[in-house]
Amino acid sequence: MDFSAVAPKVFRAVLALDSAARAGLDGVLVELVQIRASQINRCAYCIDYHSTDARKAGETEQRIYQLTAWPESGLYTERERAALALTEAVTLLPGGVSDEVYGRAAEHFDEAELAQLIALIFTVNAWNRMNVTTRKAL
């Protein structure tokens with residue numbers, strides 16, 4: 001299914017949400033969050049798309065490759081780790097977002113940034129669900 005052709009109003013709304021969610025966040029962090037959510041959701045299209053964008057934003061191959069094992073890797077800052085932990089908690093929502101994960105993110109992001117980060121995470125999850133469901137391929 002070509003979702004953008006079949007449901008153009010919805011598609012444009014998600015594009016607008018995506019643009020708004022990115023505002024004020026570091027471009028590399030945005031891509032790391034989007035890649036990690038896409039890995040969890042098994043959205044091959046989004047993994048490829050955001051890995052390409054991450055490289056354009058200056059991300060290294062090594063950090064992209066190690067993203068699946070970020071807790072064990074020494075390549076990510078504490079701020080990035082907090083964002084990635086929140087990404088996993090929101091993406092795997094039935095497990096909930098613990099006070100510890102939320103508090104850790106709140107230590108590294110002011111309230112406005114944290115709101116943007118949360119918006120970014122739920123937006124990439126919307127893209128993942130749209131693309132996986134409609135079988136969007138590379």
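The model is predicted.

**Helix pairs**

Two packed helices are described by the angle between their axes and the distance between the axes.

| Helix pair | Axes come within | Crossing angle |
|---|---|---|
| α3 (residues 27-40) and α4 (residues 44-56) | 9 Å | roughly 160° |
| α7 (residues 99-108) and α8 (residues 111-133) | 8 Å | roughly 125° |

Take α3 and α4 to begin with. Their axes cross at roughly 160°, which makes α3 roughly antiparallel to α4. The crossing is left-handed. On the α3 side, the contact uses Glu-31, Gln-34, Ile-35, Ser-38 and Gln-39. On the α4 side, Cys-46, Ile-47, His-50, Ser-51, Asp-53 and Ala-54 take part. By class, this contact of α3 with α4 holds four nonpolar, five polar and two charged residues.

Now α7 and α8. Their axes cross at roughly 125°, so α7 is oblique to α8. The crossing of α7 and α8 is right-handed. Helix α7 contributes Tyr-102, Ala-105, Ala-106 and His-108 to the contact. Helix α8 contributes Glu-113, Leu-114 and Ile-118. The contact of α7 with α8 divides into five nonpolar residues, one polar and one charged.

**Cysteines without a bond**

A disulfide is a covalent bond between the sulfur atoms of two cysteines. How many disulfides does a search of the whole structure find? The count is zero.

The cut-off for a disulfide is 2.5 Å between the sulfur atoms.

**Arginines with positive phi**

Arg-42 is not a glycine, yet its phi is positive, about 60°. Where does Arg-42 sit? Its place is the loop between α3 and α4. Arg-42 counts as exposed, at 71% relative accessibility.

Arg-135 also has a positive phi, about 65°, although it is not a glycine. Arg-135 lies in the segment after α8. Is Arg-135 buried or exposed? Its relative accessibility is 67%, so Arg-135 counts as exposed. The threshold for exposed is over 50%.

Terms used:
Residues are numbered from 1 along each chain as its sequence is written. This is a predicted model: local features need pLDDT of at least 70, side-chain atom pairs count only at pLDDT 80 or more; totals for chains, interfaces and linings use all residues. Side-chain values use heavy atoms; hydrogens and water are left out. Axes are lines fitted to C-alpha atoms, for helices over the stretch in contact, and angles run from 0 to 180 degrees between N-to-C directions. Helices (H or I, at least four residues) and strands (E, at least two) are DSSP runs, numbered from the N terminus. Angles under 35 degrees count as roughly parallel, over 145 as roughly antiparallel, 65 to 115 as roughly perpendicular and the rest as oblique. A crossing is left-handed if the near helix is turned anticlockwise from the far one by less than a right angle, and right-handed if clockwise. Contact means heavy atoms within 4.5 Å. Ala, Val, Leu, Ile, Met, Phe, Trp, Tyr, Cys and Pro count as nonpolar, Asp, Glu, Lys and Arg as charged, and the others, Gly among them, as polar. Buried means under 20% relative accessible area, exposed over 50%, partly exposed in between (1.4 Å probe, protein chains only).
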